[in-house]
Amino acid sequence: MLWRRLLVPLTSTLLLLTASAGAGAAGSPTSAPAEATAPDYGAPGPYATAVEVGVVTTLYYPRDIATSDRRHPVIVWGNGTFAFPVVYRDLLLHWAGQGFIVAAANTPQSNLGISMRAGIDMLTRRDADPGSVFHDRVDLEHIGASGHSQGGAAAIVVGADPRIDTILPIQPGPLADIDDVHGPALLLAGQKDSIVFPFLVKAFYDDADHIPAVYGELRGADHFTVVGDPGPFAAPTTAWFKAQLMGDQAARAQFFGPDCGICTDSATWSDVRRNGLADR
């Protein structure tokens with residue numbers, strides 16, 4: 001289609017321009033209203049972070065993971081068209097500071113999800129290697145997939161992998177089929193996104209009637225709000241992964257139950273929807 005041929009170069013150009021300016025350092029709900037009791041998931045986490053740039057995968061992870069007293073869940077990440085992990089450095093470091101190991105694919109064409117799956121394979125080997133800092137520190141039973149734009153579509157594609165427990169596509173492109181995803185999904189759109197329009201993200205949500213699915217549209221966000229400083233994307237993405245991969249019940253209350261945090265926060269969200277499997 002003509003609009004797809006126009007979309008790719010426009011997206012890649014804007015991503016590359018924004019990256020140089022934005023990349024910097026980095027159960028049951030409670031009875032009380034979620035927004036009154038939940039931690040600030042957008043605040044820096046308790047872990048100092050480290051980065052390892054490889055050929056296929058860049059890892060963002062807790063710096064002292066070798067001496068950690070726990071295993072750390074994994075998030076695999078896919079980039080937007082013609083972008084690389086450094087474009088999303090702040091968000092990926094934020095997740096690492098919250099205790100996650102982020103395996104970001106070093107590809108500007110991530111839609112097939114091949115490099116994202118390779119990140120899981122690499123961490124599986126590292127976890128089994130006694131000489132690795134990741135030895136016995138990778139929680140391979142709890143893995144999520146996320147990404148932006150084309151990488152958001154890749155997160156949906158990778159969601160068919162039986163190792164993936166949940167997906168969180170951010171403004172996902174259209175080249176994916178959510179019918180094959182088997183875990184809960186949080187689908188994020190930007191109210192002012194003129195590249196991946198909100199109705200395209202809603203189409204994935206409408207089709208996700210076989211899994212718990214939540215649609216969230218961030219008020220005022222455009223397609224590049226997540227680039228560099230992730231702003232309003234940091235807190236809800238962290239809360240979702242803490243709920244799904246760490247069992248954090250305060251984080252779960254942001255999305256589930258009658259007083260869900262994002263359901264009542266109209267200052268942050270311009271539209272929130274939950275399907276019948278998630279509205280419980």
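Predicted model: local features only at pLDDT ≥ 70, side-chain atom pairs only at ≥ 80, totals over all residues.
1. The chain as a whole. The chain contains 9 helices and 9 strands, and of its 280 residues 53% are buried.

2. The length of helix α7. This helix covers residues 234–246, which is 13 residues.

3. Because 11 of the 13 residues of α7 are buried, the helix is largely enclosed by the rest of the structure. Among the buried residues are W240, F241 and L245, and the list also includes K242, Q244, T237 and T238, as well as A234, P236, A239 and A243.

4. The end of helix α7. The helix is followed by G247, for which phi is positive, with a value near 70°.

5. The position of D271. This residue belongs to strand β9, which takes in residues 269–274. D271 has a relative accessibility of 16%, and because buried means under 20%, D271 counts as buried.

6. The neighbours of D271. If residues up to four places away in sequence are set aside, D271 touches K202, Y215, G216 and E217. With K202, one of these residues, there is also a polar contact, made between the side chain of D271 and the side chain of K202 at 3.5 Å.

Technical notes:
Residues numbered from 1 in each chain as written. Heavy atoms only, no water. Helix = DSSP H or I, 4+ residues; strand = E, 2+ residues; numbered from the N terminus. Buried < 20%, exposed > 50% of the residue type's maximum accessible area, 1.4 Å probe, protein only. Polar contact = N/O pair within 3.5 Å; in protein donor to acceptor, adjacent residues only side chain to side chain. Contact = heavy atoms within 4.5 Å. Expected span 1.5 Å × (residues − 1).
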